[in-house]
Amino acid sequence: KQWYQRRVRGSADDDKLTFIAIAGTNLFSTKEEEVKRMIGDINLFFIFSPDQAEVNIMVADENHRRGGFGSEILKLVMNYAKKHLPISKFSAKITNSNDASMGFFKRNGFEKISVSEVFNETTFELSCDKVPHQNFTIKQYPFAEM
């Protein structure tokens with residue numbers, strides 16, 4: 001529960017949105033039940049431009065890695081942002097040695113646009129018009145409830 005509170009507490013920043021990924025489809029479960037089913041999170045950072053979001057994703061529960069959950073979460077959040085925010089593109093900055101993350105973003109349509117040896121990172125981008133449509137349901141809680 002501490003991890004959950006730490007992750008959600010950061011979601012009130014003006015330049016960041018945090019989404020908590022919860023396994024299962026019960027829209028009527030309590031917050032306590034959902035805490036037990038958390039598998040990770042995804043953040044959208046609006047640092048350089050209000051129409052560009054930098055994506056950061058983590059699937060913390062190892063049982064849910066490599067099963068398509070990360071791709072599903074990414075598509076859900078990008079579709080949410082596309083619908084509710086003035087976003088034109090998404091970007092991701094990956095450490096140059098993190099082949100798994102680079103492969104993940106490539107498989108999800110992101111294109112490599114630059115490599116920085118100085119910062120040891122590779123930047124990927126995806127235009128909003130290339131985001132595959134996906135229906136979504138996102139349960140929102142007021143910040144004060146966390």
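# Close-up views of the predicted model

**View 1. N120 and F119 in the loop between strand 5 and strand 6.** N120 counts as partly exposed because its relative accessible area is 37%; buried means under 20% relative accessible area, exposed over 50%, and partly exposed in between, with a 1.4 Å probe and protein chains only. The structure is a predicted model, in which local features need pLDDT of at least 70 and side-chain atom pairs count only at pLDDT 80 or more, while totals for chains, interfaces and linings use all residues. Residues are numbered from 1 along each chain as its sequence is written, and side-chain values use heavy atoms, with hydrogens and water left out. N120 has a positive phi, near 55°, and is a residue other than glycine. Most residues other than glycine have a negative phi. F119 lies in the loop between strand 5 (111-116) and strand 6 (121-127), and its relative accessibility of 64% is why it counts as exposed. From C-alpha to C-alpha, F119 is 9.0 Å from N96, although 23 residues separate the two in sequence.

**View 2. The fold of the protein chain.** The chain contains 4 helices and 6 strands, taken as DSSP runs numbered from the N terminus (helices: H or I, at least four residues; strands: E, at least two). Read from the N terminus, the order of elements is α-β-α-β-β-α-β-α-β-β. Of the 146 residues in the chain, 38% are buried. Among contacts (heavy atoms within 4.5 Å) with a separation of 6 or more, 58% join residues 24 or more positions apart.

**View 3. The largest nonpolar core and the surroundings of F90.** A nonpolar core is a set of buried Ala, Val, Leu, Ile, Met, Phe, Trp, Tyr and Cys residues joined through side-chain atoms within 4.5 Å. The largest one has 27 residues, and L44, L74, F90, F105 and F110 have the most contacts inside it. Two or more residues each are given to this core by strand 1 (16-22), strand 2 (38-45), strand 3, helix 3, strand 4, helix 4 and strand 6. Helix 3 provides the largest share, 6 residues. With neighbours within four places in sequence left aside, the contacts of F90 include L44, A53, V55, M78, A81 and F110. F90 also touches F124, E125, L126, C128 and V131.

**View 4. Helix 4 and what covers it.** M102, G103, F104 and F105 of helix 4 are buried. The cover over the buried residues of this helix includes strand 3, helix 3, strand 4 and strand 6. After helix 4 comes G109, with a positive phi near 90°.

**View 5. The second largest pocket.** A pocket is an open set of points on a 1 Å grid over the protein atoms alone, where a 1.4 Å probe fits and protein lies on both sides within 12 Å along at least five of seven lines; lining residues have an atom within 4 Å of a point. The second largest pocket holds about 590 Å³ of space, the volume being that filled by probe spheres set on the points. Its lining has 24 residues, of which I57, V59, A100, S101 and F104 are the closest to its centre. Strand 3 (52-59), helix 3 (69-84), strand 4 (89-95) and helix 4 (99-107) each give two or more residues to the lining. The largest share, 6 residues, comes from strand 3. The lining comprises 10 nonpolar, 9 polar and 5 charged residues; Ala, Val, Leu, Ile, Met, Phe, Trp, Tyr, Cys and Pro count as nonpolar, Asp, Glu, Lys and Arg as charged, and the others, Gly among them, as polar.

**View 6. The salt bridges.** The whole structure contains 3 salt bridges, each a side-chain nitrogen of Lys or Arg within 4 Å of a carboxyl oxygen of Asp or Glu. E125 and K89 are joined by their side chains at 3.4 Å, N to O. E125 belongs to strand 6 and K89 to strand 4, so this pair ties together parts 36 residues apart in sequence. K89 counts as partly exposed, at 28% relative accessibility. In a further salt bridge, the closest N and O atoms of K93 and E121 are 3.9 Å apart. This pair links distant parts of the chain, with K93 in strand 4 and E121 in strand 6, 28 residues apart. K93 is partly exposed at 34% relative accessibility, and E121 is partly exposed at 22%. The side chains of E111 and K130 also form a salt bridge, at 3.5 Å, N to O. E111 in strand 5 and K130 in the segment after strand 6 are 19 residues apart. E111 is partly exposed, with a relative accessible area of 46%, whereas K130 is exposed, at 53%.
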